[in-house]
Amino acid sequence: MPPSPGWRGADRFQGTASYMQKNQQAKERSRQGSAVIARAIPLAWLATVFLFAAAMLLALAPAWSQAGKFEDLVNALPEGSYSDRAGVVGAIAATGDARALGVLQSLTEGQLFKQKAGGRIVALSASGDPARMIDAITGEDLGPYSKSAVKKIKVNNGLRREIRTAIGVLSLTSADPQARLKAAEAAFASGDPAQLEALDTAMSAESDREVATALAEARAVAILNTDAPVSDKLKAIEVLAMRGDRDAQGILMPLRDDADLSGPVREALEEIEQRQMLWGLAQNVWYGLSLGSVLLLAAIGLAITFGVMGVINMAHGELVMLGAYTTFAVQEAIRTAAPALFDWSLLIAAPLAFVVAGGVGIAIERGVVRHLYGRPLETLLATWGISLMLQQAVRSIFGPNNREVGNPGWMSGAFEIGAMTVTWNRLWILVFALLVFAGLLTLLKRTAMGLQMRAVTQNRPMAAEMGINTGRVDALTFGLGAGIGGLAGVALSQIDNVSPNLGQSYIVDSFMVVVFGGAGNLWGALAGAFTLGVANKFLEPFAGAVLAKILVLVFIILFIQKRPRGLFALRGRAVEA
Amino acid sequence: MLRRLIDTRMGLFLAVLFVVTVAVPVGNLVMAGQPVPSYVVALLGKYMTYALLAVALDLVWGYCGILSLGHGAFFALGGYAMGMHLMREIGTRGVYGDPVLPDFMVFLNWEELPWFWLGFDSFWFAMAMVMLVPGALAFVFGWFAFRSRVTGVYLSIITQAMTYALMLAFFRNEMGFGGNNGLTDFKDILGYDLQADQTRAGLFVAAAIALAAGLLVARYITTSKLGKVLVAVRDAESRTRFLGYRVEGFKLFVFVVSAMMAGIAGAIYTPLVGIINPGEFSPANSIEIVIWVALGGRGTLVGAAIGAIIVALSRTLLTSWFPELWLFVLGGMFILVTLVLPHGVLGAVEQGLRKFRRRRPLVEN
């Protein structure tokens, strides 16, 4: 967008009064601040001229406005009232000098001083202990810091605000695109017309597309805050409509009843509203998928044991918990032995968690469950007993409190798609859940062991007649289901508190998934998990988190009436057992 | 009639229960030096309500094969109905001194009593609700579930979902049941101070009577012709249906009766303990009830009561002596009972006795 003529020069502050009345208080304040700069700039210049007239030859006066400008402004910083100094700060920023940022930052942190002897402006060096003083202008080292040799240049809150704005303007021309983006966003948030010039300059030099957009948006807000011609403002409204988020909405809202702009503003608001709704929908679907992936991980192991063996494993939640604690233990070991490997900790923990949970699972099957085949209700009770013991065991070993499990670098942070925020850990968990699902499906459909498992599921006596060692298949199936619970624990450790109660909070939910999807059917578990996840997240905005969960539970209870064997009912003789 | 109801084990249990019911209040109130401290009276009363709850579950699980993992919900609903009455009884003695609204409603800035609190100022209305609310829930839930032939573990899991959903609901402040604090700070019941030893002893006796009555009602049902159908349903549901019985009707009947018994147990529990909160709805509580029944002996009624008392007693003792050990012991009970004692303690004892007798055939009973 080309900078509009007529927007340069001091006259841009005329007529701000009419805006002040319209805008909210916060904006009013910033406007007043900029008016202060406008008024203060000539004052500061006067002060500068006055103070240094004695030290400099009058003949040089025209020259300092070009060459010595930055140095003189910095030297003028300790002088005058706070509002004078505010003007100086603005002027320093306006020089665009490479040293300006450092000086202003020192000033706002209270680390800029005037040397009592010689009157040089000094800053504390960033490094070094004890702190050393450096000349703020030349960067010359002036020896160790001594409190008595210098006088601090004081700042108050009003001045700090000016400095912040000035730093923002300076950052617009920083070499780091991230810093520029941040500055542009800050400018957007402040909407201060005083920044227009800086924004225009920055835009003409900007090469990064993302930063350029942000700059254009910041410029649009600034324009709306001035009395620019209607045509300029219309363009600005278009830019904001393109941005289309809540901030843009908040800026346009007060302009709804503006005589010249109300039509386009209303249109833009409508457009934004619509886009917000679509993004809100997308965000809900994403949250739902994310919750679904967690449910899938927690439930899929359960689905296998329940489906193949008709066994309700109430200890499944605790196997998940064991997986999470394995992750914790692995991370602890890595922290002490090889901190460099931390980013790999989850990949190391996953197979270990599978083995630990799977091993415990096989032990449970051999020790207890095996003796209870054909008595599903008793199995339920016995495994519940095991779950209590596992909980207490973990509580005795690791303590009752939450354990800290860190996110590796590639799992922390977030990125944005449009108006939607996607956190990396949720995304990876979704990928992980789908990978586990695909792996399990391959195992069941493509391997000999899977064939045997399916045979036992469909007709146990017949499978036994065909020479399948059903006992061995049972143990392996139980171990497999348990091991997958352990894998789920690795994933859950990234988003949930790792405590002895971890499993308890998932057990009811994962049962719901299995019952809803239909036992013994992997696709059922997949459909069940994602349906329940998405349904839950769609109900939440209307009903609140707790009520949404209750509604989903009630829905499942009713659904079971209609289809007592779940969404994908298993056919075969096993059903009658 | 009496002979049908009271066999040897029932007779023995009722006799012991009678002795305890007389001895404990006497020891607490009459004898000098109070050999039975007041807290023991409340504790034993609590055990009695647990025992009644176990009998209720045994009625559906032991005789009809319905493994409900949601009986804690009926118990808690009964408790809440009683708690609501006790809250209304507080009157102006609450912290805020509001004559109508309980403290937590004043705290939440509620203007008037919600409709579902109306009538609870009357004791008899509350007593009716103690049975009607759990009964109605059981009726609706059972009607849907049994009609569509949801059985076995599926039924267990949806009963668990039911109590879980209720727990979440009662945790909400907006529900009007005191949120996660539940109902507490009761002052008196029917005008008697709840802190007084006499009231506590009275509640203890009420619990004992309710337990005895519950046992007899359950025994009456199970020894009737209807009881035989129930056992048939338990052992071969499809076959019973093919013989022309409407299985769902029988199941529904016994499920509702059992829920009402659980509600009564909860109603006596609340004033004895002095609080009722949503934690009572937690699925873990409901599963624990099952182990009481399994430990004592499924399908024996008296065994269920004994099992409840054994577990509750060991919990009281172990959690004060070795708090770390308690969950190991409870978990161990679940495993041992299912693996080693399929007929529970009572079954094992009776089997032992029978063996003992068979070895000496000359001794007739």
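1. Let's start with a term: helices here are DSSP runs (H or I) of at least four residues, numbered from the N terminus. Keep in mind, too, that you're looking at a predicted model. With that in hand, find B:Gly45, which sits in helix 3 of chain B.

2. Is B:Gly45 buried or exposed? A residue counts as buried once 20 or more other C-beta atoms lie within 10 Å of its own. B:Gly45 has 25 C-beta neighbours inside 10 Å, so it counts as buried.

3. Who surrounds this glycine? Setting aside neighbours within four places in sequence, B:Gly45 is in contact with B:Leu203, B:Phe204, B:Ala207 and B:Leu272. Have a look at B:Ile268 as well: 223 residues separate it from B:Gly45 in sequence, yet their C-alpha atoms are 8.5 Å apart in space.

4. Stay with helix 3 of chain B, which covers residues 38-64, and look at how it packs on helix 12 of chain B, residues 283-296. Two packed helices are described by the angle between their axes and the distance between those axes. For this pair the angle is about 80° and the axes are 9 Å apart. Angles from 65 to 115 degrees count as roughly perpendicular, and helix 3 and helix 12 of chain B are therefore roughly perpendicular to each other.

5. Which residues make that helix contact? Helix 3 of chain B brings B:Tyr50, B:Leu53, B:Ala54, B:Leu57, B:Asp58, B:Trp61 and B:Gly62, while helix 12 of chain B brings B:Ile289, B:Val290, B:Trp292, B:Val293 and B:Gly296. By type, they split into nine nonpolar, two polar and one charged.

6. Now for the two chains together: 32 residues of chain A are in contact with 37 residues of chain B. On the chain A side, helix 16 (376-398), helix 21 (502-517) and helix 23 (545-562) each supply at least two residues. Helix 16 of chain A gives the largest share, 14 residues. The chain A side as a whole divides into 24 nonpolar, six polar and two charged residues.

7. A few overall numbers for chain A: there are 23 helices and seven strands, and 44% of the 577 residues count as buried. Of the contacts in chain A between residues at least 6 apart in sequence, 71% join residues at least 24 apart.

8. Finally, a word on confidence. Chain A averages a pLDDT of 79, with 85% of the residues scoring at least 70. Over residues 1-38 of chain A the pLDDT is below 50, and this stretch has 42 contacts in the model beyond near neighbours in sequence. Residues 572-577 of chain A also have a pLDDT below 50, with 10 such contacts.

Definitions and conventions: Residues are numbered from 1 along each chain as its sequence is written. Chains are lettered from A and ligands numbered from 1 in the order in which they are written. This is a predicted model: local features need pLDDT of at least 70, side-chain atom pairs count only at pLDDT 80 or more; totals for chains, interfaces and linings use all residues. Two residues are in contact if their C-beta atoms, placed from the backbone, lie within 7 Å. Ala, Val, Leu, Ile, Met, Phe, Trp, Tyr, Cys and Pro count as nonpolar, Asp, Glu, Lys and Arg as charged, and the others, Gly among them, as polar. A residue is buried if 20 or more other C-beta atoms lie within 10 Å of its own, exposed if 12 or fewer, and partly exposed in between; C-beta atoms are placed from the backbone. Axes are lines fitted to C-alpha atoms, for helices over the stretch in contact, and angles run from 0 to 180 degrees between N-to-C directions. Angles under 35 degrees count as roughly parallel, over 145 as roughly antiparallel, 65 to 115 as roughly perpendicular and the rest as oblique. pLDDT is the predictor's confidence in each residue, from 0 to 100.
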